[in-house]
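Please have the sequence and the model open side by side while you read. We will take a walk through the fold together, one region at a time.

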Amino acid sequence: MKLTLYQLNLPLAYEFTIARGSITTQPSMVVKLEHEGLSGYGEVTENAFYGHTFDSMTASLKKIVPRLEDYVAQSPMELWPKMHSLIDGDMFALSALDIAAHDLRGRQKGIPTWQDWDLEWKNVPHSSYTIGIDTIGNMVAKLHELPDWSIYKIKLGTVHDIEIVTELRKHTDAIFRVDANCGWTVEEAIRNSKILADLNIEFIEQPLPITAAREDKSRLAVESALPIIADEDCQTVPDVGRCAGLFHGVNVKICKCGGLTPAIGMLRNARQLSMKTMVGCMVESSIGISGAAQLLPLLDYADLDGAVLLKDEPARGATVIDGRVTLSELPGCGGELLTEKLDSYLIRAKEVLC
Ligand SMILES: [Mg+2]
């Protein structure tokens with residue numbers, strides 16, 4: 001087993017803004033796990049907000065190196081708890097390794113990863129395309145740049161939220177979802193839910209801060225005119241149970257929960273608790289998206305436009321065109337680095353851990 005880490009700088013097609021700030025490039029870590037001539041790829045984006053840098057994640061993955069050979073005989077699912085304790089809970093680093101391990105296993109078996117999990121590829125949901133916070137004119141322009149998507153996710157959390165959605169709604173009958181990224185109070189959320197329901201919005205993602213009182217979350221779940229989906233409130237496996245009764249669904253982020261292995265468990269648990277299931281992504285390359293796409297058979301909603309938001313990338317894999325996700329023809333998760341393009345995006349000399 002050989003593990004190689006790449007720090008990439010992914011250029012965005014446009015500046016991307018959410019309630020917390022704006023970015024024009026996204027640093028990302030791709031990991032390659034090699035064994036007997038086959039390679040599995042995983043990815044996690046660096047995230048200053050959550051304190052995950054290339055250096056911190058490299059340090060975490062070094063703790064796992066002595067047990068890397070365990071992946072030869074054991075599956076990523078069997079090994080996840082052991083790797084989780086070895087890595088001291090660094091979910092971001094673990095998620096990249098877990099995706100790579102699932103990818104490698106699929107390639108060894110010669111089947112797609114979803115099939116390795118005994119899922120059925122049918123009626124998988126389309127992905128939404130995210131419209132970041134901008135001037136209303138620019139948000140409308142963004143909609144017109146990619147007018148054929150069936151679903152748009154509109155980032156909110158401004159003083160103009162209703163105005164934004166009202167204006168966008170004049171331009172398309174496509175499905176709209178909104179994500180307030182913790183930007184509303186419970187009163188605002190209840191009031192906005194009624195207006196947004198009239199604007200034919202499908203659901204509201206994470207309107208309240210994580211720190212909002214449980215009574216407020218519970219009240220919103222009852223009084224909202226629209227389903228409320230947890231994002232920031234649902235980061236790791238135990239959070240799904242905690243969200244029951246407070247949210248109508250959960251948006252699972254692979255990097256936050258620690259990989260595809262815990263994501264499968266969270267999605268299945270959410271369905272058992274009668275909650276809707278969703279997987280979201282970061283701004284990331286087609287390698288990360290290819291991993292997340294394996295979960296589509298377990299989803300009601302998908303938000304996998306991370307690579308669509310890039311100007312270019314040194315990777316290929318699953319494609320997302322107008323919301324329709326098409327998997328790579330390769331087995332496993334099917335994402336891979338394009339060596340001929342790598343030099344243009346490599347921030348740092350690759351670090352090889354054997
Ligand atoms: Mg969100």
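How many cavities of 30 Å³ or more does the count come to? The count comes to two, where a cavity is a set of points, on a 1 Å grid over the protein atoms alone, at which a 1.4 Å probe fits but cannot get out. The grid points are joined across faces, edges and corners, and a volume is the space filled by probe spheres set on the points. Rolling a probe the size of a water molecule over the atoms shows where empty space is left. Before going further, please note that this is a predicted model, in which local features need pLDDT of at least 70 and side-chain atom pairs count only at pLDDT 80 or more, while totals for chains, interfaces and linings use all residues. Residues are numbered from 1 along each chain as its sequence is written, and side-chain values use heavy atoms, with hydrogens and water left out.

The largest cavity holds about 110 Å³ of space. It is lined by 14 residues, and the closest to its centre are Glu43, Ile254, Cys255, Met282 and Glu284; a lining residue has an atom within 4 Å of a point. By class, the lining has seven nonpolar, four polar and three charged residues. Here Ala, Val, Leu, Ile, Met, Phe, Trp, Tyr, Cys and Pro count as nonpolar, Asp, Glu, Lys and Arg as charged, and the others, Gly among them, as polar. At least two lining residues each come from β3, α4 (91-109), α11 (254-257) and α13 (286-293). The largest share, three residues, is supplied by β3. Helices (H or I, at least four residues) and strands (E, at least two) are DSSP runs, numbered from the N terminus.

Let us stay with that strand for a moment. Strand β3 covers residues 38-45, and seven of its eight residues are buried, buried being under 20% relative accessible area, exposed over 50% and partly exposed in between (1.4 Å probe, protein chains only). Strand β2 (residues 21-35) runs antiparallel to β3 and is joined to it by eight bridges; two strands pair if DSSP finds at least two bridges between them. One of the bridge pairs is histidine 35 with leucine 38 of β3. Two residues lie between the strands of this hairpin, where glutamate 36 takes a positive phi near 50 degrees.

Most residues other than glycine have a negative phi. Asparagine 123 is not a glycine, yet has a positive phi of about 50 degrees. You will find asparagine 123 in the loop between α5 (113-116) and β4 (129-131), and its relative accessible area of 75% is why it counts as exposed. Serine 274 also has a positive phi, about 60 degrees, without being a glycine. Serine 274 sits in the loop between α12 (260-272) and β10 (276-280) and is exposed, with a relative accessible area of 67%.

Aspartate 179 in strand β6 (residues 175-179) and glutamate 205 in strand β7 (residues 201-205) are 26 residues apart, a pair that links distant parts of the chain.

Aspartate 179 is buried at 0% relative accessibility, and glutamate 205 is buried with a relative accessible area of 0%. Aspartate 231 lies in the loop between β8 (228-230) and α10 (237-243) and counts as buried at 2%. Leaving aside neighbours within four places in sequence, aspartate 231 is in contact (heavy atoms within 4.5 Å) with Asp179, Glu205, Gln206, Asn251, Lys253 and Lys256.

Strand β6, which carries aspartate 179, is largely enclosed by the rest of the structure because four of its five residues are buried. Strand β5 (residues 151-155) runs parallel to β6, and five bridges join the two. Tyrosine 152, for instance, has phenylalanine 176 of β6 as its bridge partner.

Methods:
1 Å grid on protein atoms, 1.4 Å probe; cavity = no way out; pocket = protein on both sides within 12 Å on 5 of 7 lines; lining within 4 Å.
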